[in-house]
Each structure stands twice: as structure tokens, then as C-alpha cells.
Amino acid sequence: MKLLFTNIKELLQVREASVEKLSGKEMKELPTIKNAWLLIEDGNISDFGKMDNLSEINADETINAEGKIVLPTWCDSHTHIVYAGNREQEFVDRINGLSYEEIANRGGGILNSAKTLQETPEEEVYRQSAERLEEVMSLGTGAVEIKSGYGLTKEGELKMLRVIKRLKENYQIPIKATFLGAHALPKEYDGNTSAYIDKVINEILPEVARQKLAEFIDIFCEQGYFTVEDTNRLLSAAKEYGMKPKIHVNQFHAIGGIQAGVEHDALSVDHLEVMRPEDIESLKGTATMPVALPTCSLYLSIPYTPARAILDGGLPLALATDFNPGSTPSGNMNLVVSLACIKMRMTPEEAINAATINGAYAMELSETHGSISKGKKANFILTKKIPSYAFLPYAFGTNSIESVYINGEKVK
Ligand code: NIG
Ligand code: FE
């Protein structure tokens, strides 16, 4: 099956397939072909070029993309898409003055979602999660990471991971699973964090590994949740099973989680709303991708990740949604890209790079996704007729997406 797009106003993020990730300096450029054609063969990008150089191609279908832009689909490297129910009441409680922390301390927050998850049949959790996955695909997401972490018991965590596995089997977009058993402390372990970590390490993790249910390991390293010591213990144990860390750090307090992540060769360290100069320093020269989650900052009214300090320090940066029922009930990467520009002073070039190739790296997917490169998967967005690519983040409430293609097939 050959699909040819012609007269593309701008083909964005055209790179050699070997590019894995971009540093702050490299992110300033967004390589683009103006007035381009793009050929898709059997689900892969097979060729592209300038219209002037288009020779006769026998395509099964030709699509005239005049006035429209083509770019890789968004790579959302941090989500909690699998959950049950919602937490609108906590939203209202926060409007009425309670903080996220106060709500969590009253047994709301993550524990509230854990209770609902445990009570909801697996089939129903799958149904709700699949609906969210389809929604984000229609918003241009073409690769996604999904965490467990609302089970907090062996049964609950395995149930979530099985739902992720089923989503992987039933949808064309690549999905990476992360085991986040250490997301919050179940009530019965109050005051005994290390006993819960023991359980995660000795009872849940081995079963997750045995059933091959997760590629990555995560922990919420934060005051009131899990310590740096808990983090070190869990990450060391997960390493034995070949599970790389992608961890929640520096959301509310800087307690040394970044350093722990770097020490354990974390693939990514995520959130980073609170960053000390030494946190930026310790990421330099490492393979760890910093990940910012601006829609979480928007929703919780907390600081935005200091992207300028990170990028101007030469570090790379990826952008993701954090889609979850408590701190970010939105999986819209278009809004993430807009907020990165509006609130974090990233340029459109930096934000698009962060949401595509660097996001792919943060899921170990940059060999196949994240750029328009020969041989990569044909996962791309076709925009409506728009004046320029800066219009995407600029028109922050507008849906500029006309179609989304996954493996060369139109899903929207
Ligand atoms: O990434 N920070 C920890 N976990 C989630 C929020 C989870 C929740 O409130 O349900 C996050 O923001
Ligand atoms: Fe998260």
C-alpha cells in the first residue's frame, strides 16, 4: 500500500533516523522542508522531498496537502491513562480552598483512585482506559507510556498492568508500560514506608517481571511519599530485572531524587517543578532525559518546570501530559506544547522537538518514532490549513489537527 502526500506546505522534523535525542542547543532548530511530498509504504515512511524533485510515483492514493503542515505525532512519555472513575469532587474541594496535599492527607488523592480501581472490574477499567487512549490518539498522540500505581496491592497493580498489556495488543500505537507500585503509601502501612517498599520489592516486582508486564520502573520520590533511600532500594531491585527507571521527582520539594535517578541510569526524571542549581548540574553529561509536565502545573497551580534554565544549561528536555485523574485530567499534547511556549518560554521549535523526538527517547522509541525519517513508522499529524507551525501553540484553544495517521493508517 503506497500513500503519497503532495504539496505539503511544510514537512516538519525531518531528520536522519539515527538522531536519538536533542540537546538544548540542538532543540533551537526544527528541520523543515517547504512545499514537500511524503511517501508512505506499508506503514513506514519510505521517502520525501521537495515538490520540484517529485518524479512519477505509482501510489495507491494521493492526498493533496496544499496549505497544510505535516509533523510527527506527539510522543507522550508520561501518563497514567489507566485508571477508574474520576475525582471531580477533589477539583471542587480545591476551588473551595483545600490544597492537593491537604486532600491527599484526608485519604483523597492517589488513595482515592486506588480504592476505586480496586473496586472496579478489570473489563470496565479497560473500557474507560481505551476510551481515553482513543481520545488522545485523535488529539495527535502516536506513542505513549502508561504507568500502573493506582493498584497499590499485588492484585491491583497486576490488574492495571494487564489492562496496559491489552491496550498494547489492541491498538496500533506503541505503548510502554511502567510499574509504579510505589506511588503512594496504602493506609495500612501508615508510618512504615520501608515495609511497603519491602512488599513492592519482594512480592509485586518479581511477579511483574515474571509476567513481563512492564518495561520501566517508577516511584514517587517526594516528601510525604517515598524517600531517596526507598528510591535507591527499589531502583536497585528493579535493575536486577532489567527495568530502567523513569521517576517522579522534584514535584513539590527537591530532596535528591534527581541524583538518585542519575545514579541508577534513569531513562528520565519527570516533573521537575522545583529545581535547585545542583539538580541541573547533576543531569549534565548523563543519558537521563528531564521531562516537564506543564498541564500538571496549570491544573495544580504549582510552578512550571524552569525550562529556560534547563535548556540554556545545554540539557535536553521532553514534554509530556501526566494524564491522570488527580493532578492532570487531560491528555492533550497540543495544550502541553502551547503551555510550554506560553508559560515556560520555550520557542515553538523547542516545544515541538521536546514533544516528539525527545519524548520518543524518554520511552526508548527514538529508533522508530519521533521524527520524519526514512524507515521510521508513518505516525504523523496532518494539520488543517494554517499559516505557519507557530500557529499550533499560538492558537492554544483551537484544534488545528485535520487527521492523524498511525502506521500509515488514518485514525482520525
Ligand atoms: O504525576 N505526582 C504523583 N502522581 C501523579 C498524580 C497522581 C494523582 O493525583 O492521582 C502525578 O502528578
Ligand atoms: Fe505522573
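Gly326 is buried, because 24 other C-beta atoms lie within 10 Å. A residue counts as buried with 20 or more other C-beta atoms within 10 Å of its own, as exposed with 12 or fewer, and as partly exposed in between, C-beta atoms being placed from the backbone. The model is predicted: local features need pLDDT of at least 70 and side-chain atom pairs pLDDT 80 or more, while totals for chains, interfaces and linings use all residues. Residues are numbered from 1 along each chain as its sequence is written, and chains are lettered from A and ligands numbered from 1 in the order in which they are written.

Gly326 sits in the loop between S13 and H12. Helices (H or I, at least four residues) and strands (E, at least two) are DSSP runs, numbered from the N terminus. Leaving aside neighbours within four places in sequence, Gly326 contacts Arg87, Glu90, Gly109, Ile110 and Ser113. Contact means C-beta atoms, placed from the backbone, within 7 Å.

Asn324 lies in the loop between strand S13 (318-319) and helix H12 (333-344). Asn324 counts as buried because it has 26 C-beta neighbours inside 10 Å. Beyond four places in sequence, its contacts are His80 and Tyr83.

An unreviewed UniProt entry annotates Tyr150, Asn324 and Gly326 as "binding site". These residues span 177 residues in sequence, yet no two of their C-alpha atoms are more than 11.2 Å apart, so they gather at one spot. UniProt positions follow the numbering used here, feature names are shortened, and annotations may be inferred rather than shown by experiment.

Conventions. Two residues are in contact if their C-beta atoms, placed from the backbone, lie within 7 Å.
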